[in-house]
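Here's a quick briefing to read with the model open in your viewer.

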Amino acid sequence: MSLIDNWLKAIRTRTVAFIAIVLAVAVTAISCSSSPSASSGDTVAGIPPELVVDYIHTVAASDRTAYTKHVVARLKKLEGNEKPNGVVPAEATEAWQQVGGIPLPAQMFRLGAELASEDGDFTIGLISPWNINDNQAPKGEFEEVGMQKVIETGEPYKGYQEIGGQKYYSAIYPDPAVAEACASCHNAHPVHRERYPDKVFKLNDVMGGVVINLPLSGA
Ligand code: HEC
């Protein structure tokens, strides 16, 4: 348990550190690109916000997939062989804190997202119109309209929005059922069955979205 704890902590620390570097570059880019240039000679090549959100998403999505494939999956199967009693005596379960298990991929994602969002430089989260967790419904016009577009097209949805006087560059990326387990666990969940009895996820369906909000200074 404590070994896994330490390891997860190390992964989280590395992720936050990496995001911090990306962000440092991003903030420089944004402050450079939004400051009026005195002459055309002193323009600094900046990283546009649509690229910054891509970087953040790539890191977060890769970590979640790696956690799903190389931690959660290995609790049951080791190098392709079934291990009915687990490779280590742990289970990935929603009530992980109560039963001494480890978090589900979505919960792991949120734990990291909360740490990354703490300093207010940007926020990242999961949403879905078929949400199990009440806090993860699409909120506001950008998320409601954008989530529907992402489900229809399977493509990211990006744009500027203003929340409480603060301008943001925001993006919603599709969150597809990359494994059979994504679909089957959600389909079987009691909250899902009660709220969305007609929604049956299949492999590769878009199940929701990853939302990133990047506050813009000087807007
Ligand atoms: C063993 C069960 C299980 C598996 C496997 C699983 N999920 Fe979830 N997922 C949940 C539960 C339970 C929640 C709500 C928990 C929370 O976030 O507090 C959730 C939350 C989510 C959300 C946020 C919206 C919501 O329902 O609250 C998305 C999007 C999502 N999962 C997509 C996926 C994808 C994609 C995969 C596969 C990579 C996956 N899930 C794998 C059980 C599972």
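Arg64 lies over the face of Phe109, at 5.6 Å from the ring centre. Keep in mind that this is a predicted model. Arg64 is also one of the buried residues of helix α2, so here's a charged side chain that sits over a ring and still counts as buried, being under 20% relative accessible area.

**Charges over rings**
- There's another case at Tyr160: the charged end of Lys167 sits over that ring, 5.1 Å from its centre.
- For Arg64, the ring in question belongs to Phe109.

**Helix α2**
- Helix α2 covers residues 49-72, which is 24 residues.
- From first C-alpha to last, α2 reaches 33 Å, close to the 34 Å expected at 1.5 Å a residue.
- The buried residues of α2 include Val52, Val53, Ile56, Val59 and Ala60.
- Besides Arg64, the buried list for α2 also has His57 and Tyr67 on it.
- As background, an α-helix has 3.6 residues a turn, so residues three or four places apart point the same way.

**Aromatic pairs**
- The structure holds three aromatic pairs.
- One of them is Trp130 with Phe201, an edge-to-face pair at 5.5 Å centre to centre with 85 degrees between the planes.
- That pair links distant parts of the chain, with its members 71 residues apart.
- Trp130 belongs to the loop between β3 (123-127) and α5 (140-153), while Phe201 belongs to the loop between α7 (190-195) and β6 (206-215).
- Trp130 and Phe201 are both buried.
- Tyr160 and Tyr169 make up another edge-to-face pair, with 5.0 Å between centres and 75 degrees between planes.
- Tyr169 counts as buried because its relative accessibility is 6%.
- Tyr160 therefore has Tyr169 as its partner in a pair as well as the charged end of Lys167 over its ring, within the 6 Å limit for such a contact.

**Iron and the ligand**
- Which residue supplies the only protein donor of the ligand's iron atom? That's His186, through NE2 at 2.1 Å.
- His186 is found in helix α6, residues 180-188.
- A polar side-chain atom of His186 also lies 2.8 Å from a nitrogen atom of the ligand.
- There are 22 residues around the ligand, and Arg110, Gln136, Cys182, Cys185 and His186 come nearest.
- The side chain of Arg110 has an N or O atom 2.6 Å from an oxygen atom of the ligand.

**Two residues worth a look**
- Is Gln148 buried or partly exposed? Gln148 counts as partly exposed because its relative accessibility is 40%.
- Gln148 has its place in helix α5.
- The C-alpha atoms of Gln148 and Ser128 are separated by 9.6 Å, and the two residues are 20 apart along the chain.
- Asn204 has a phi near 75 degrees, a positive value in a residue other than glycine.
- Asn204 lies in the loop between α7 and β6, and with a relative accessible area of 56% it is exposed.

**Whole chain**
- The chain has seven helices and six strands.
- Along the sequence, they follow the pattern α-α-β-β-α-α-β-α-β-β-α-α-β.
- Of the chain's 219 residues, 34% count as buried.

Note on methods
Residues are numbered from 1 along each chain as its sequence is written. This is a predicted model: local features need pLDDT of at least 70, side-chain atom pairs count only at pLDDT 80 or more; totals for chains, interfaces and linings use all residues. Side-chain values use heavy atoms; hydrogens and water are left out. Donors are N, O and S atoms within 2.8 Å of the metal (3.2 Å for Na, K and Ca); water is not among the atoms, so sites may look incomplete. Helices (H or I, at least four residues) and strands (E, at least two) are DSSP runs, numbered from the N terminus. Rings of Phe, Tyr and Trp (its six-membered ring) pair if their centres lie within 6.5 Å; planes under 30 degrees apart count as stacked, over 60 as edge-to-face and the rest as tilted. Buried means under 20% relative accessible area, exposed over 50%, partly exposed in between (1.4 Å probe, protein chains only). A charge sits over a ring if NZ of Lys or CZ of Arg is within 6 Å of the ring centre and within 35 degrees of the ring normal. The expected span of a helix is 1.5 Å times one less than its number of residues. A residue is near a molecule or strand if one of its heavy atoms lies within 4 Å of it. A polar contact is a pair of N or O atoms within 3.5 Å; within protein, one must be able to donate a hydrogen and the other to accept it, and residues adjacent in sequence count only if both atoms are side-chain atoms.
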